[in-house]
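Colleague: I have a model open and would like to talk it through with you. Can we go through it piece by piece?

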Amino acid sequence: MNRTFKEDLERELQDVEFAREFGAAVAKTDFALTLAKARRICQVTQTDLANLLGTSQSYIAKLERGDANPTIGRIGELLAVLGLRLSTNTIPLISSVYSETEIHRAENSGFHVSTLLFPLKDISDLEIAVHSEKETSDTKDTKLVEASSR
Amino acid sequence: MAKIQYLEECGLELLGAKMLKPVKGENDLYELKSGQCRVIVYYDTRKGHKFVLLNGFLKKGRRERGKIDEARFLSREYLSRK
């Protein structure tokens, strides 16, 4: 009687068509959450980001809702403006975005913003990530200043 | 369905990304948005913090009061069953 969402999802995923659609939606949602969080932490408004990229604020909003389908290059551009870069990874389709081991590993390995890996749990996670990145290259602050002065 | 999975995993964090929106004038009712699709969910804050999917529809116009009333009715039914 009690079906769980996961069981339903697993059954539906047997269908290749559904799996394709689902995969696309997951990727967009994942990126959307990552972008929304990264932008908020970098304290850049949607309008500012749009201006830097020469797009409209509504497009950024669309991206953050997971309704847009940007190209990989576009994602790179967006993140670069925020002083970040894309780091891709793959995990099983049905798996928690909040895998503790993944978070732990990421925290210890100096990553940027990972889309497929997981959206960061909260601000402190991203700060740790940004911080570890800091040690290897320019500081985030410098990049941000560069970005906003363009 | 992807957004439902994220709702399960990220919860109210989706509010920040505007994927989830509180329903005006209704406590604990939220609207999960994906393109034109809307799913009204009830946020059950009692033990376990559950999201209960109440009804889904395609948003056609600005007025969707009927759908919200229906969701409110369903949420009451859900609560009475508990």
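Colleague: Is B:D28 buried, partly exposed or exposed?

Modeller: Keeping in mind that this is a predicted model, B:D28 counts as partly exposed, because it has 16 C-beta neighbours inside 10 Å, and buried would take 20 or more.

Colleague: And where does B:D28 sit in the chain?

Modeller: B:D28 is found in the loop between β1 and β2 of chain B, and its phi is positive, about 65°, although the residue is not a glycine. As background, most residues other than glycine have a negative phi.

Colleague: What about B:K24, where is that one?

Modeller: B:K24 belongs to the loop between β1 (20-22) and β2 (29-34) of chain B, and B:K24 is exposed, since 8 other C-beta atoms lie within 10 Å. In sequence B:K24 and B:I68 are separated by 44 residues, while their C-alpha atoms are 9.7 Å apart in space.

Colleague: Which residue of β2(B) is the bridge partner of B:P22?

Modeller: The bridge partner of B:P22 is B:Y30, and β1(B) and β2(B) pair in the antiparallel sense over three bridges.

Colleague: Zooming out, what is the strand order of the sheet?

Modeller: The sheet is open, with four strands in the order β1-β2-β3-β4 (chain B) and antiparallel pairing. β1 and β4 (50-58) of chain B stand at the edges with a single partner strand each, so one side of each has no neighbour in the sheet. On average, neighbouring strands are turned by 30° against each other, with direction ignored.

Colleague: Which strands does helix α2 of chain B lie across?

Modeller: Helix α2 (residues 65-81) of chain B lies across β2, β3 (37-44) and β4 of chain B, and runs at about 150° to β4(B).

Colleague: And what pattern does chain B follow along the sequence?

Modeller: Chain B has two helices and four strands, and along the sequence they follow the pattern α-β-β-β-β-α. Of the 82 residues in chain B, 29% are buried, and residues 24 or more positions apart account for 26% of the contacts in chain B with a separation of 6 or more.

Colleague: Switching to the interface, how many residues does each chain bring to the contact?

Modeller: The contact takes 19 residues from chain A and 15 residues from chain B. On the chain B side, helix α1 (residues 2-10) gives the largest share, eight residues, and by class that side divides into seven nonpolar, three polar and five charged residues.

Colleague: Now chain A: how do helices α2 and α4 cross?

Modeller: The axes of helix α2 (residues 16-41) and helix α4 (residues 57-65) of chain A come within 6 Å and cross at roughly 120°, and α2(A) and α4(A) are therefore oblique to each other. The contact is made by A:A32, A:L35 and A:A36 of α2(A) together with A:L63, A:E64 and A:R65 of α4(A), which by class gives four nonpolar, no polar and two charged residues.

Colleague: Does the span of α2(A) agree or disagree with its residue count?

Modeller: The span agrees, because at 1.5 Å a residue the 26 residues of α2(A) should span 38 Å and the end C-alpha atoms are 37 Å apart.

Colleague: Last one: what follows α2(A)?

Modeller: α2(A) is followed by A:Q43, which has a positive phi near 55° and lies in the loop between α2 and α3 (46-53) of chain A. A:Q43 counts as exposed, because it has 8 C-beta neighbours inside 10 Å.

Technical notes
Residues are numbered from 1 along each chain as its sequence is written. Chains are lettered from A and ligands numbered from 1 in the order in which they are written. This is a predicted model: local features need pLDDT of at least 70, side-chain atom pairs count only at pLDDT 80 or more; totals for chains, interfaces and linings use all residues. Axes are lines fitted to C-alpha atoms, for helices over the stretch in contact, and angles run from 0 to 180 degrees between N-to-C directions. Angles under 35 degrees count as roughly parallel, over 145 as roughly antiparallel, 65 to 115 as roughly perpendicular and the rest as oblique. Two residues are in contact if their C-beta atoms, placed from the backbone, lie within 7 Å. Ala, Val, Leu, Ile, Met, Phe, Trp, Tyr, Cys and Pro count as nonpolar, Asp, Glu, Lys and Arg as charged, and the others, Gly among them, as polar. A residue is buried if 20 or more other C-beta atoms lie within 10 Å of its own, exposed if 12 or fewer, and partly exposed in between; C-beta atoms are placed from the backbone. The expected span of a helix is 1.5 Å times one less than its number of residues. Two strands pair if DSSP finds at least two bridges between them.
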